[in-house]
Amino acid sequence: MYSRIMAERLRYMIVVLVMVWAISEIGEGAKSRPRPQRPPRKKDPEEEIPNPPERNIDINQMLGKWYLLNMASKCSHLMTHGHNAEATTMTLDLTTFGKEQKLSVKTTTRHNHQCWEIHQLYDFTKTSGFFTLKGNDPKIDTKVTILDTDYTSYAIFVYEIQKKKVRKTSLKLYARSVAELHEPTLLKFEAVAATKNFGLAFMFPFPTYSHCDTVDEDHIINCIPTC
């Protein structure tokens, strides 16, 4: 009888020791083998939203014709055909569409020796210098920012579009005139582009000659409200 009681106590003690050992192992394991954490995803420089313009943009001083001088982009088409870029101008004006005031944008360029003109409307936003170019789907709207300008000689525009969860960014340098090009302006554009991860390999200069003066109606592409 005594031996049976001792055997039961011994078995009980063994079970308790095993349970304590198991709990101890689980606890130590939890400390020594922490649950792996997914490292934070580094933001692609192309996904960065442009910094707001340093000052309020006076859109009235932006109106008129601008000449495209240089473009920073990783667009595959430009990477292949950028050396064939044609002289391009952009004319800004204010217009009313429906009941809202919008920024009218007319881009003139040459394709296959023929002058073309594209008409677009930029929607104003609550932030000065920020606009939206609407696409057929809100998911492909283009965000346009006047990043920097002195109104009389140069303007830097940033264009962003979201495609398949990847934000594509490009920068454009415009000038009021191609007669007088100042090297500091070009260097400033290159410096701004570098902050957006665009090196010289992604710079595409545009011709400063042979701009289109007139475009016939058959070669006007009307992208109002969208294309």
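## Lining of the largest pocket

Ala, Val, Leu, Ile, Met, Phe, Trp, Tyr, Cys and Pro count here as nonpolar, Asp, Glu, Lys and Arg as charged, and the others, Gly among them, as polar. In this predicted model, the lining of the largest pocket comprises 18 nonpolar, 17 polar and nine charged residues by that scheme.

The pocket holds about 1500 Å³ of space. Its lining consists of 44 residues, and those nearest the centre are Met71, Cys75, Leu78, Ile118 and Lys172. Two or more lining residues come from each of E1, helix H3 (76–81), strand E3 (100–111), strand E4 (114–124), E7 and E8.

Strand E8 spans residues 166–175; eight of its ten residues are buried, so the strand is largely enclosed by the rest of the structure.

E8 pairs in the antiparallel sense with strand E7 (residues 154–163) over ten bridges, and with strand E1 (residues 64–72), also in the antiparallel sense, over five bridges.

## Nonpolar cores

The largest nonpolar core contains 24 residues, of which Met62, Met90, Leu92, Tyr122 and Phe157 touch the most other members. Helix H2 (59–62), E1, strand E2 (89–97), E3, strand E5 (130–133), strand E6 (142–149) and E7 each contribute at least two residues to this core. Apart from this core lies another, of 14 residues, including Leu69, Tyr154, Phe189 and Ala193.

Leaving aside residues up to four places away in sequence, Met90 touches Gly64, Lys65, Trp66, Val105, Lys106, Thr107, Phe157, Tyr159 and Tyr174.

Methods:
Residues are numbered from 1 along each chain as its sequence is written. This is a predicted model: local features need pLDDT of at least 70, side-chain atom pairs count only at pLDDT 80 or more; totals for chains, interfaces and linings use all residues. Side-chain values use heavy atoms; hydrogens and water are left out. Buried means under 20% relative accessible area, exposed over 50%, partly exposed in between (1.4 Å probe, protein chains only). Helices (H or I, at least four residues) and strands (E, at least two) are DSSP runs, numbered from the N terminus. Two strands pair if DSSP finds at least two bridges between them. On a 1 Å grid over the protein atoms alone, a cavity is a set of points where a 1.4 Å probe fits but cannot get out, and a pocket is an open set with protein on both sides within 12 Å along at least five of seven lines; lining residues have an atom within 4 Å of a point. Grid points are joined across faces, edges and corners, and a volume is the space filled by probe spheres set on the points. A nonpolar core is a set of buried Ala, Val, Leu, Ile, Met, Phe, Trp, Tyr and Cys residues joined through side-chain atoms within 4.5 Å. Contact means heavy atoms within 4.5 Å.
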